[in-house]
Amino acid sequence: MMEVTEDFFRLPAETKKQFAQEPGQLDGYGHLFVVSEKQKLDWSDVLYLNTQPPERRNMKFWPDSPANLRVTLDKYTAAVKNVAECLLAIMAKNLAIQPEAIAEKCIDGIQTVRMNYYPPCAQADKVIGLSPHSDAGLLTLVLQVNEVQGLQIMRDGKWVPVSPIQGALIVNLGDTFEVCSAFANLCFSGHHQIDWLCIADRYKSVEHRVVVDPQKERLSIAVFHNPSMDAMTMIGPLKEIATCEKDQVYKTVDHASFRRLYFSAKLEGKNFLEGMKLKISSSSS
Ligand code: OGA
Ligand code: NI
């Protein structure tokens, strides 16, 4: 998978353009999160493809060059899906809920892949490889193709570099999991008075970005795992966790709307998730 990714980005621009994204669509070769013509683009090229369920595959955008890309991508993403499903089951256990609560949303779940190519930039501090964001889905598994450092995560208000480990998968928690695992928490400020309700997210999606190296290119493969797009699949705090009405700290919307809202917002940290929060009224009884 690492090899075919490198081989694809090495192809002449003319060849890669045969798989270029089309207006209003995410699949294909190009850039993601383009919402306006005036916007400054991230310093990267991407190849974004739907991989699961099979009927979402748009083969027009699956490069037939390098020759083994399609079959390799098919095998790799099937294997990664197994890893993601195992991790989700363990996380459900950690939340003390039945694995089915999450697994049933993932029957015919959407899996997409983004192969990223970050060219070097002599003025690396003037550009950004990938703008700060959190991923939309449940879990993202990222494989670094080469050992150039670039990924950073936000922790305690600071950007912390993630060191590449050869052959290791980086697991990023996405917004959907944060929403599903959220519930309200009562905060007391003395005198047994409830001052406000705050959101207790058992799992928080990780804000991350990619910076560019002045000399070396960087390549990575991110595989995103999401619930199904079935009209009945709702995204909101799980009833197994959020047991009463005050626990509904995030809006509940169908998955198609959730994704539409996510992809129409400019990439800007966790701003999308902020917009999904319900207003929590303070109480003092
Ligand atoms: C992404 C992403 C990280 C990386 O594609 O959403 O965060 O290391 N990629 O390229
Ligand atoms: Ni990401």
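A residue counts as buried when its relative accessible area is under 20%. By that cut-off, histidine 133 and histidine 208 are both buried in this predicted model.

Distant parts of the chain are linked by the histidine pair: histidine 133 lies in strand 4 (residues 130-133) and histidine 208 in strand 11 (residues 208-210), 75 residues apart.

Burial also describes one face of helix 1, which spans residues 2-10 and has Val4, Thr5, Phe8 and Phe9 buried. These residues are on the same side of helix 1 because they cover an arc of only 130° around its axis. Glu3 and Arg10, on the other side of helix 1, are exposed. The packing partners of the buried residues of helix 1 are helix 2 (13-17), helix 3 (69-94), strand 1 (28-30), strand 2 (45-52), strand 3 (109-118) and strand 12 (218-228).

The cysteines remain. A search of the whole structure finds zero disulfides. For cysteine 106, the closest cysteine sulfur is that of cysteine 180, at 8.6 Å, which is too far for a bond, given that a disulfide needs the two sulfur atoms within 2.5 Å. Cysteine 106 counts as buried, with 14% relative accessibility, and cysteine 180 is buried with a relative accessible area of 6%.

Methods:
Residues are numbered from 1 along each chain as its sequence is written. Chains are lettered from A and ligands numbered from 1 in the order in which they are written. This is a predicted model: local features need pLDDT of at least 70, side-chain atom pairs count only at pLDDT 80 or more; totals for chains, interfaces and linings use all residues. Side-chain values use heavy atoms; hydrogens and water are left out. Buried means under 20% relative accessible area, exposed over 50%, partly exposed in between (1.4 Å probe, protein chains only). Helices (H or I, at least four residues) and strands (E, at least two) are DSSP runs, numbered from the N terminus. The arc is that of the directions from the helix axis to the C-beta atoms. Contact means heavy atoms within 4.5 Å.
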